[in-house]
Amino acid sequence: MAQIASTAAVTLPTSNLLAAQLELGISRDEAQDVVAEPAAALPASQSLGFALGWDYAHHGLTPPALHLFAASPLRQGYQAGCATFGHRTLRAHRHTQLWLALRTHAWTRGRSFEDVQVTPNYLQQIEVSHCPITRQRLDDHPGSSKQRSIDRVRNDAGYAAGNLVMMSRAANLAKAEHGWLQALEVARSVEAGPIQRIASLGPAEWQRVAVLSSFVTELSHEEAAAVPLLVMPPNRLRLFNPIQALQALVTRQLATPGWSARLARIEALLPTEGAKGDFNRFLMALAPRVLAVQDLNQEPQIRWALEDAWQQPLLQKRWLRFALHLNAAQTEALVQRAAAKRLISCMHVQQHSQPSATEGWALERKGFCAPSIQGCASSTNH
């Protein structure tokens, strides 16, 4: 079986927040467009708009015509930047364009945008070739259901590192403001029928939306352990539940050579004989389903095979039985020890303190900019 990725990382906290970050290797197809949310423009900061226009000029790029009316702070920043830089501009590539488009998208809606970690390089790292929800190959055709789109997984958080994922326009629009429980309810409703699709997504796709949302939702250890891994955590998405980080890490090992020896050494780190026995029985249920597709050599296909293995009730039952031998703190420590001993292939583990785990997410403001800096914004009426 081909290897899925060359690098990845998991970030775990040092406090009660118990947030984790799992970075998976991804492909590097082009990303140009950001799909706008179906919402009216909100007030945004004049200073942020000016800085945004300045950066357009600094990279030698022209802002969208929609924001070039006379009173727009974005236009004012752009004109000031052009006067300052002239032809001495920075080289812009497709991820620079995506970064500016995403900032413009956030600014016009008054959404918080964390610009220290969310850079063109960061957006390159979360780029994917296929939508994690619909599994369709993404394209760059404006208005296409498969058009590339950057979405905030938690709608009550801003555009910040750990809360962003690339998916199709159709999946973005369907997900909208659905969180973990709302998406799960929709998935169950569609699965029960008679309506077979809601917002263009079927039951399997809604289940992936729900699992994706669960990664950034603080759940009890028991509740998180009961969530099947129907979608692998996208690159650099932060996982708030250690048991889901362990679930993804263990599953991913089967995509790289030497997985049996690595998982045997992870098993040896478990605290009790009962946990070791149930872990081994879980692996006996997982491995045959993944090895059955060992002739696959494309990253998306291998990822989907790993995800589809979790559709088996027996596998989920055995995982839950094993996971309940541990608590959240023990699971976090297990991941850290496995990483320290280099038992996790193609992955790197980082540790976040409680404040930094959601730094820049603006959770206290539901993902919006601070009211004190909100002012005149660009408007489609000009």
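A search of the whole structure finds 13 salt bridges, where a salt bridge is a side-chain nitrogen of Lys or Arg within 4 Å of a carboxyl oxygen of Asp or Glu. The model is a predicted one, in which local features need pLDDT of at least 70 and side-chain atom pairs count only at pLDDT 80 or more, while totals for chains, interfaces and linings use all residues. Residues are numbered from 1 along each chain as its sequence is written, and side-chain values use heavy atoms, with hydrogens and water left out.

One of these salt bridges joins Arg103 to Asp55, with 2.7 Å between the closest N and O atoms. The pair links distant parts of the chain, since Arg103 belongs to helix α3 (residues 94-107) and Asp55 to helix α1 (residues 46-58), 48 residues apart; helices here are DSSP runs of H or I with at least four residues, strands are runs of E with at least two, and both are numbered from the N terminus. Arg103 is buried, with a relative accessible area of 11%, and Asp55 is buried at 16%, where buried means under 20% relative accessible area, exposed over 50%, and partly exposed in between, for a 1.4 Å probe and protein chains only.

Another salt bridge connects Arg321 and Asp278, whose closest N and O atoms are 3.5 Å apart. Arg321 lies in helix α13 (residues 313-323) and Asp278 in helix α11 (residues 273-291), so this pair ties together parts that are 43 residues apart in sequence. Arg321 counts as exposed, at 58% relative accessibility, whereas Asp278 is buried, at 5%.

Arg135 lies in the loop between α4 (120-125) and β3 (148-152) and Asp308 in helix α12, so the pair ties together parts that are 173 residues apart in sequence. Arg135, Glu307 and Asp308 are linked in a network of salt bridges.

These three residues also lead us to the cavities, as Arg135, Glu307 and Asp308 are among the residues that line the second largest cavity. A cavity is a set of points on a 1 Å grid over the protein atoms alone where a 1.4 Å probe fits but cannot get out, and its lining residues have an atom within 4 Å of a point. By class, this lining has two nonpolar, two polar and four charged residues. The lining of the largest cavity, in turn, divides into eight nonpolar, one polar and no charged.

Conventions
Ala, Val, Leu, Ile, Met, Phe, Trp, Tyr, Cys and Pro count as nonpolar, Asp, Glu, Lys and Arg as charged, and the others, Gly among them, as polar. On a 1 Å grid over the protein atoms alone, a cavity is a set of points where a 1.4 Å probe fits but cannot get out, and a pocket is an open set with protein on both sides within 12 Å along at least five of seven lines; lining residues have an atom within 4 Å of a point.
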